[in-house]
Amino acid sequence: MTYAFAALAFLMAGLATAQALRRAALWRLGAAAPVDWVSGLAKLPKRYLVDVHHVVARDAYASRMHAIVAGGLLAATVLTAFAILPPLAGSHLYWGVVALAFAITLAGSLLVGARRYPKTPKRLSKGRFQRLPILLLAYAAGGTVAALSIALAGPGNAVLPIALLVAAAGGLGLAYEVKGGPMRHAVAGALHLIAHPRQQRFEQDKPDAALVPLDLDAPKLGAELPADFTWNRLLGFDACIQCGRCETACPAFAAGQPLNPKRLIQDLVASLAPDGPAYAGSPYPNARDVAGEAGPLFKVIGPDAKIHPDTLWSCTTCRACVEECPMMIEHVDAIVSLRRHQTLELGAPPQKSFETLANLREADEPGGRPLSARGDFAAGIELPVISKRGAADVLLWLGDGAYDLRYGRTLRALLKLFHEAGVDFATLGEEERDTGDLARRLGDEATYQALARANIETLRKYRFNRIVTSDPHALHALRNEYRAFGDDFEVVHHTAFLLELIDGGKLAPGKLDAGTVTYHDPCYLGRYNGETEAPRKLLDRIGLSRVEMARHGRRSMCCGGGGGAPVADVPGDARIPDIRMAQAAETGASVVAVACPTCTAMLEGVTGRSAEVRDVAELVLMAVEASRADEPRRAAA
Amino acid sequence: MKLVVLLSVGRHPVSGKPALPRTEAQAIRIAAELGASIGLHVGPDAFPAEAALGHGLDRAVHLACAGGPDPIGPLVARIATEAPDVVLAGRRGQGGEETGLAPYAVAARLGVPIVPDAVAIRPAGDGLVEVDQALPKGALRRLVVRTPLVVTVHPNAPAPLPYAFGKARRGSIERVDAAAADLAAVAPAPEERPYRKRPKMMRAAGGSAADRLKAVTGEATAGGAKILDGPTPEDAAKEVLAFLRRVGVLAPAGAGATGPTA
Ligand code: SF4
Ligand code: SF4
């Protein structure tokens, strides 16, 4: 009878492997991708214990639950397998240890059950997932009783067969679930950690968020069918455990736009394998009707396919979902890949972006405004142009915020600070084209690459030590995404630069007493570049009392302005910036500090605001001017 | 239905970079929805042909020649061999070498009618097409015309489809040198003059408040307008006086000698 118990462990392993192989046949439909299996395998433990744990631990309950149940399950099953060794099979101590491992699994199973029963939290999927605690419970309880009965009463006891039967039902059920059910995440998740398409994200402290350039000579541009994704991306979608963390973080979901990153990933899974269990999580809010066949070789996007285009175009590319995903899934890469196909091959970007994309292509600028007017905001403040001088210490990249009246105030503040600190700087003047970030996020990689190449060529003409910009989107493009096209400039955000000026004694701001301030992290600075500290230090330096919103730093919530979402303008129930401003209001802060032209525009656009929206540079200038006003008084005293 | 779209090199109104004129991109959308269409460009540059593919044509013909000669000859020759039902063109130039006259010249040389300012075209069976023509103030006129014909497209036609890089890559461009025999110098030779504002029409004031409003907003119908090009001072003064008398500012002629008379 003890051998039957050991056999169960092998049977489970065998069934799980068979189910995984059936699934792997689907992954193989994907496009080829180079994978270094040896190094990936060697790094698996670290990736799991450090990188995954870092994310999982944000939900303390889930983290504890998972450690106990997964650890127990693995330990109990492996230990039981050793019962094929006769000396162990006869050892009471051994069976005592096995019973302990099963008991731990049992405790974990109860935690899993308690999370779902009596009431399942909204963000969790039901369906097959509701069965999971039952299977776990059966396996763990059956195993505990079986092992305990052998330990106490020997292998011939009467309880053992019944207990084994219960354990087998649970255990084989779990193994069966490896193909289509919740247990798939364990196998796919481990393989995904090894064969992850972005190996870099495990290797460096800063995020790895640069989009990979599209080969414009490839036979097909972007992803149309599930099979157009590389196989390891398909594997990644299969790793999803439907925990709904992405859904909770998604600004478009919160605003009632028809996007839910969890559902999107599940739709991609279901496109690949239409015969799987039905999705049983929260839907796309205000879901658009779709009707169409699904399969590895059916198109994914369209009213007549699996995913409606409105879903695709609701995304702000804020990466909150990626940041929160314990399975390290890259939602934004998938979305951009699908967008590329829509825009490049089908000519079907969002209706409202036609004009914007045409302008970017034909006028190097999304608003179709003259490049020579970019410097108009300066309105009398000296704005040196590098073509007149050939060189400067700092090249100031203005970005398209320069055309915005409100943002002009921020840039004027920055210019004044530069002059005050004696910074040797210049702009590209009318040679500055748009970085192409917007075109790229809207899937127009061709226009993006043309702009990137043109900008790099212009920048190469001049001598400067580094680029400073107040636009995190431009920063991300110039610093990270242009690298693939041969740029290696040092790019600094204006907040980091201002901090440097203050630390170097070039600027001497006084203290402001403007009430409390809360800082809104721009996605492209915080999540995309890991820079969250400089702006906060600046606010502290100028004596403002700072409060944090619940969502801040790398886990901040998007203002709604990225990824071409404002251009696509997919209607929802609420506006993302309104939601974000309400979060800011909860802190009671009288000022919301921003550090991005898009955030400025989005948050300034909120009606009935109770707090002021100020760029960090504007606040620093106020502090510098305040200290100057104090000086005569101090001198007189 | 078989269609040919005439393509030219315009300029983006702000950046001045070469661009397919918007009305031509609109013409492409109309053509592509109607049937087998090809784009046709005569000139040194393949750019318009490539742009036309990106905007939705599957095929374009680039008749290459140096800049300078009149493109009408090669255009007409090629259209004659293609024998399309409808030739579509933009309505006017957009800042490049194109003048907006080509569709008229082509229609004249082919001896077919031209319908300007179309916003929509539908087949009407039996060698006929129905053309919705844009008139001022948003009015539409529906014409039924026998093919073949030339149609120019009005800016109020459906917005052009966006340029798709992949489509431009997929479509085919047939590049042939324009036959030397078809090429002739532009006649009469073009002459460049600085832009001069056209003289404004004088409109009758008076009448009801609504009429006066129409007069200042230029909405009045063109009746009563009169243009004098380079008149003598005497003629001009007579005209002004006659106008003032007509609208009642001055007493009618001969109604008393109190007013200043000529
Ligand atoms: S995609 Fe990631 S975060 Fe979202 S439900 Fe799946 S596992 Fe959870
Ligand atoms: S990137 Fe942001 S908007 Fe897009 S799906 Fe993820 S969380 Fe939602």
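1. In chain B, 64% of the contacts between residues at least 6 apart in sequence join residues at least 24 apart, a contact being heavy atoms within 4.5 Å. This is a predicted model, in which local features need pLDDT of at least 70, side-chain atom pairs count only at pLDDT 80 or more, and totals for chains, interfaces and linings use all residues. Residues are numbered from 1 along each chain as its sequence is written, chains are lettered from A and ligands numbered from 1 in the order in which they are written, and side-chain values use heavy atoms, with hydrogens and water left out.

2. Chain B has seven helices and 11 strands, taken as DSSP runs (helices H or I, at least four residues; strands E, at least two) and numbered from the N terminus. Of its 262 residues, 36% count as buried, that is, under 20% relative accessible area with a 1.4 Å probe, protein chains only.

3. Helix H2 of chain B (residues 47–54) is largely enclosed by the rest of the structure, because six of its eight residues are buried. Those buried residues, among them B:Pro48 and B:Leu53, pack against helices H1 (22–34) and H5 (165–170) and strands S4 (36–43), S5 (59–64) and S11 (172–177) of chain B. Just after H2(B), B:Gly56 takes a positive phi of about 130 degrees.

4. Ligand 1 has around it residues of chain A including A:Cys240, A:Cys243, A:Cys246, A:Cys325 and A:His331, each with a heavy atom within 4 Å of the ligand. The residues surrounding ligand 2 include A:Cys250, A:Cys315, A:Cys318 and A:Cys321.

Terms used
Buried < 20%, exposed > 50% of the residue type's maximum accessible area, 1.4 Å probe, protein only.
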